[in-house]
Amino acid sequence: MRWAPAYFHKPFIRLSEDTICAFPSSLKGKPLKGLKESQLTCDGPLELHTLVLLPSLRQVVFQGDRLPFQCTAALLDQSTSLHWRHNGQVVTSDLEQGISLEESVVHDCTLVTSELILSNVRVASSGEWECLVETARGNTSRKVDIVVLESSASYCPAERVANNRGDFRWPRTLAGITAFQPCLQYHFAVEGNIEKRALRRCDRSGHWEEGDYSQCQYVNDITRVLYTFVLMQVNASNALTIAHQLRTYTVEASAFSDAMDVLYVARMMEKLLVHAGLIRELSEIIFEMASNMMQVDEQILWRAQKEEQACSSIVQSLEKIAMLSLNSNSQDLAMSSRNIALDAYLIKPARYTGLSCTALQRRDVGVGEGTDTGHDMLLRFRCTTGVLNATLHSFAVKNTIGLASVSLPLTLFPPAAPTDCKLQFLAFRNGKLFPNTSNTSRTVEQGKRHVVNSPVVYVGLDGCSSWNFSDPITISLRHSFPGSDSVAVHWNFDTQDGRGGWSQDGCELIGSDPNISTLICFHFSNYAVLQELHNIHHPSLVPVEVLHPVIYTCTAILLLCLFTVLITHILHHSSIGISRKSWHTLLNLCFRIAMTTAVFAGGITLTSYSSICQAVGIALHYSTLSTLLWISVSARVIYKDAVWQSDRPPEGEQVIPTQRPMLRFYLIADGVPLIICGITAAVNINNYGDANP
């Protein structure tokens, strides 16, 4: 082609300025007159101006069908050859398998064609069929997917799936087919020319497999933002800024509604912890975020632990703070929050004389108020050296309540201990970050269900280990609620396939009374007391909120007045001078108003119970619509009775008034709201309920 550029510029050759190259792709769209000799090369990947595979689109065929393939490619030279592959394996003729491969045919020394015929398609023929063109300059290919259905193919039923990625309606689908649903929840579901889709495969037995929703955005705004945090690259220059932003979202952790929220916060804490050794403030932010996460609902924490061990990750991040923060220039560390307390020390074993620490909380009484605001106080540690075997029974500080105490023995360190050791204490207000994901354990006997009924206390060493001949650690824990059958336990991160669980190994209960249990343990861990609770709701049950007393008082007065009207008009109907229509409309209106106010006052706060909340929402929707329509019907009846006058008949004539049925009023005022509520609930029952995330 070296002659082409010079030939195009000869005076007797006329080329339009619009004459452009169509092939190869590197020159596509460029004017033919502007080509240079250096551009006319055969370097780069192999490109053929003709390469066609028929069929070119995905095919769905039945077992036993006949399926021909035809592949046509440009003939470059004698080295050009066509080959067939199935799922990456070379295909050859096999009449027993129903595979017939014809010889390649050359057309006009410019094209070469190869045919492959499947005379008896089998189930094993499903997959990717490929026509491969091999030349001395390189190879290229075309592919097509084939799905083979059995003659008695089954179907996966239509199914609706609602998850944290959206609401998906999967249609009835043939077995062996992968169905797709677009992510239509957001206007940005299409990026460029690529549409974001969810996919789900119907297996050959006619059962749906787990769907892949990873391309779709999260429905919940909080989850979507936390996922954005996880995708960020964290380094020393931006770690502190990201930590401050993330902490803002964890302040309202009680609004978290998805286990993924907990998981993403846990992952971010792991990322930020890497830089905590250089940035001391990061440790404080991580500690505060962990305390905020204890506001999350227990069921959500339980799911996060079961699925991804997110709670264990949060606890283990806290346990590493002392190792990263303590050094010769910073030999102690203390942090406090509403739900977690931390104390850490750089200990010299040669000078160690015993140590006792108590997790406490101030109990201040407001002057002139007489109200106890201790539940709003911070949880913190108070440590004393040289004090052995201190328990909560001996703790007495004015306006302060001790929740947990730990006494380390004098023989804690071996004689040949290192020069420095890092000792850390953690106190958790409750066991929410230690959810037991198994229904069976050594602590459940004879059908009894034991739960954490005390604070959880952690003691850990870094840089050295305790002495094998050391005396045990003494732990004293205050009970959160009345209970019995105390069990001393510690948290084992490795049990239950890494999900963690409570274990009695190495711990022993030495004393228990209605308020405090004392235990001893022979190793460092997270300690707690399990009990069977008595006559008290478990902390995981959300307390029912109540409205202002004035609302209930006014509701009771209104209901009393309404029922007085109802009973009076029912008992004295014959002596009250109102029309039959007015009587019906008055009774129905009073009843609908009473229903609306009663349902609102009694059920508007029951948002913690989804089924009850939905029932209240449906009842309120129906009663308010019905009330408004009965008001309209009553207004019409009153207008006709008081204002509207029909033409008077001539004197001497008697006109019998026509009685129109009352059923039409009931169809309008009761039937229309019933239809509206029914359609709304059928479309999406989640329209009724608590709208908060």
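Q: Taking a disulfide to be a pair of cysteine sulfur atoms within 2.5 Å, how many disulfides does the structure hold?
A: This is a predicted model, and the structure holds six disulfides. With the bonded cysteines numbered in sequence order, they pair as 1-2, 3-5, 4-6, 7-8, 9-10 and 11-12.

Q: Let's take Cys183; which cysteine is joined to it by a disulfide?
A: Cys183 is joined to Cys216, with an S to S distance of 1.7 Å, a value that falls within the 2.5 Å cut-off. The torsion about their S-S bond is about -65°, and therefore this disulfide is left-handed.

Q: And where in the chain do Cys183 and Cys216 sit?
A: Cys183 is in the loop between β15 (178-182) and β16 (190-191), while Cys216 is in the loop between β18 and α2, so that the bond links distant parts of the chain, 33 residues apart. Cys183 counts as buried at 3% relative accessibility, and Cys216 counts as buried at 2%.

Q: What about Cys421 and Cys464, how far apart are their sulfur atoms?
A: The sulfur atoms of Cys421 and Cys464 are 1.9 Å apart, and the two residues form a disulfide. Cys421 belongs to strand β24 (residues 421-428) and Cys464 to the loop between β26 (456-462) and β27 (473-478), so this pair ties together parts of the chain that are 43 residues apart in sequence. Both Cys421 and Cys464 are buried.

Q: Is the disulfide of Cys507 and Cys521 left-handed or right-handed?
A: The torsion about the S-S bond of Cys507 and Cys521 is about 115°, so that disulfide is right-handed; their sulfur atoms are 2.1 Å apart. Cys507 lies in strand β30 (residues 507-512) and Cys521 in strand β31 (residues 516-521), so the pair ties together parts that are 14 residues apart in sequence. Cys507 is buried with a relative accessible area of 12%, and Cys521 is buried with a relative accessible area of 0%.

Q: Switching to rings, how many aromatic pairs are there?
A: The count comes to 17 aromatic pairs. One of them is formed by Trp170 and Trp208, whose ring centres are 6.0 Å apart and whose planes meet at 45°, so the pair is tilted. Trp170 is in strand β13 (residues 166-170) and Trp208 in the loop between β18 (197-201) and α2 (221-231), so the pair ties together parts that are 38 residues apart in sequence. Trp170 and Trp208 are buried.

Q: How do the rings of Tyr218 and Tyr264 pair up?
A: Tyr218 and Tyr264 form an edge-to-face pair, 6.0 Å centre to centre and with 75° between the planes. Tyr218 is in the loop between β18 and α2 and Tyr264 is in helix α4 (residues 259-273), 46 residues apart, and the pair links these distant parts of the chain. Tyr218 counts as buried at 3% relative accessibility, and Tyr264 counts as buried at 3% as well.

Q: Which residues do ring pairs link into a cluster?
A: Phe168, Trp170, Trp208 and Tyr213 are linked into a cluster by ring pairs.

Q: Over which ring does the charged end of Arg172 sit?
A: The charged end of Arg172 sits over the ring of Tyr155, 3.9 Å from its centre, and the charged end of Arg197 sits over the ring of Phe180, 3.9 Å from its centre.

Q: One last topic: which residues does the UniProt annotation "transmembrane region" cover?
A: According to the unreviewed UniProt entry, this annotation covers residues 550-571, 583-606, 618-639 and 665-685. In the model, residues 550-571 are 100% helix and 0% strand, with their end C-alpha atoms 32 Å apart. Residues 618-639 are 100% helix and 0% strand, and their end C-alpha atoms lie 32 Å apart.

Methods. Residues are numbered from 1 along each chain as its sequence is written. This is a predicted model: local features need pLDDT of at least 70, side-chain atom pairs count only at pLDDT 80 or more; totals for chains, interfaces and linings use all residues. Side-chain values use heavy atoms; hydrogens and water are left out. UniProt positions are given in the numbering used here, feature names are shortened, and annotations may be inferred rather than shown by experiment. Helices (H or I, at least four residues) and strands (E, at least two) are DSSP runs, numbered from the N terminus. Rings of Phe, Tyr and Trp (its six-membered ring) pair if their centres lie within 6.5 Å; planes under 30 degrees apart count as stacked, over 60 as edge-to-face and the rest as tilted. Buried means under 20% relative accessible area, exposed over 50%, partly exposed in between (1.4 Å probe, protein chains only). A charge sits over a ring if NZ of Lys or CZ of Arg is within 6 Å of the ring centre and within 35 degrees of the ring normal.
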